Amino acid sequence: MDSETFQRRRRTNSTHNKNNAVVGEERLNRSEVLAKKKAIEQLIKAANAKIDQLAFFPSYRHFKINGLSVCLKSGHGNKLSSPVKRYIQNLLKLNMEGPYGSEWQEEEKVKRREMVDPEARYIFVHVVPNSNVDDMTTVLTEEDTSTSCQEDSSPLVGFVHYRFVSEEDVPVLYVYELQLEPRVQGKGLGKFLMELIELIAQKNCMGAVMLTVQKANLLAMNFYMSKLRYIISATSPSKVNPMLEKSYEILCRTFDDDAKTIFEVI
C-alpha cells in the first residue's frame, strides 16, 4: 500500500470515528435528557401522591397572632364540595376583579377550570371559633350564602392553590393562588403561608417556588418582592422580551443550582 493510499484511508477512518463519536455523544445526551425528564416526572408523581402535605409540618397547622387564630387543612381540586367551590369563586372575584380589569371575564373562566383540576392542591385557612376575627367587618357577609362556607364548624377565610409541575425541565411548586379575605390580611398570615409553601417545596425536592402576579396588583407585587424577597424570573415576559408588554410578572425563589441557572438573571 502506497503512502498516499494509507493516508487517505487513515483520514477516512478518522472521520468515521469522529462521526461515530458525535452520534454516540448525541445518543448519550438524549439518554441524559430522557433520564432527567423521567426523574422529574417521578418527583412530581411522588409529591402528588402525598394526601396531606401538612402532615409533615404539624407546627404549621395553626397560626395565632393579635387575636387572629386559624387552622390549616389540605384539599384536592377534584374533591371540592359545592360550597367550597362557590367560596373560592367569590373570593377570587372579590380580590382579583380589580387587578385584572377588563381581562377578568375571560380570566374567571380559566380560574374556574383550574380550580377543580385533579393536579390542584389546596391549603384551606379556617378561622378558629371565638377568634376576634369573627367580630371584624368583611365584604363576605353571612347573609351572602354563596360566599359562606363551614368546614367542621370553622368558616373559611382564605386558601392557597398550588401544584407540582415542571418548568423549563425543573421541578417546581407553582402557586396558582394565595387568597385571603380582607379582614385577615396584613396580620402576617400570608407570609406564614408562603413559608409553609417553601417548606413543602423543599420537602418534595422541588427546585423553586414560582407564581404569577398581575402588575396592577401593587400590594401583591410589594408583598412578594419587598417583604418576601422574591425576584422576577428569567422566564417572565419582561425578561424574555422587554418590548413585549404583558400585564403580569412571573416571580420565583430558587433552592438549587439548576433552578438558579434557569430562573435567575445574572
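This is a predicted model: local features need pLDDT of at least 70, side-chain atom pairs count only at pLDDT 80 or more; totals for chains, interfaces and linings use all residues.
View 1. Asn204 is placed in the loop between α4 (189-203) and β7 (208-214). The side chain of Asn204 forms a polar contact of 3.0 Å with the side chain of Gln53. Once its neighbours within four places in sequence are left aside, the residues in contact with Asn204 are Leu43, Ala47, Lys50, Gln53 and Phe164.

**View 2. Helix α4 and its buried residues.** The 15 residues of α4 reach 21 Å from the first C-alpha to the last, which is close to the 21 Å expected at 1.5 Å a residue. The buried residues in α4 are Leu189, Gly190, Phe192, Leu193, Met194, Leu196, Ile197, Glu198, Ile200 and Ala201. Just after this helix, Cys205 takes a positive phi of about 60°.

View 3. Most residues other than glycine have a negative phi. Cys205, in the loop between α4 and β7, has a positive phi of about 60° although it is not a glycine, and with a relative accessibility of 48% it counts as partly exposed. Asp169 is found in the loop between β5 (154-167) and β6 (170-180), where its phi is near 60°, again a positive value in a residue other than glycine. The relative accessibility of Asp169 is 34%, so this residue too counts as partly exposed.

**View 4. The crossing of helices α2 and α3.** The axes of α2 (residues 82-100) and α3 (residues 104-115) come within 10 Å and cross at roughly 145°, and the crossing is right-handed. On the α2 side the contact is made by Lys85, Ile88, Gln89, Leu92, Lys93, Met96, Glu97 and Tyr100, while α3 contributes Trp104, Glu107, Glu108, Lys111, Arg112 and Met115. Sorted by class, the residues of this contact comprise six nonpolar, one polar and seven charged.

**View 5. The chain as the setting for the close-ups.** The secondary structure of the chain comes to seven helices and nine strands, and 40% of its 266 residues count as buried. Among contacts between residues at least 6 apart in sequence, 72% join residues at least 24 apart.

Note on methods:
Residues are numbered from 1 along each chain as its sequence is written. Side-chain values use heavy atoms; hydrogens and water are left out. Helices (H or I, at least four residues) and strands (E, at least two) are DSSP runs, numbered from the N terminus. A polar contact is a pair of N or O atoms within 3.5 Å; within protein, one must be able to donate a hydrogen and the other to accept it, and residues adjacent in sequence count only if both atoms are side-chain atoms. Contact means heavy atoms within 4.5 Å. The expected span of a helix is 1.5 Å times one less than its number of residues. Buried means under 20% relative accessible area, exposed over 50%, partly exposed in between (1.4 Å probe, protein chains only). Axes are lines fitted to C-alpha atoms, for helices over the stretch in contact, and angles run from 0 to 180 degrees between N-to-C directions. A crossing is left-handed if the near helix is turned anticlockwise from the far one by less than a right angle, and right-handed if clockwise. Ala, Val, Leu, Ile, Met, Phe, Trp, Tyr, Cys and Pro count as nonpolar, Asp, Glu, Lys and Arg as charged, and the others, Gly among them, as polar.
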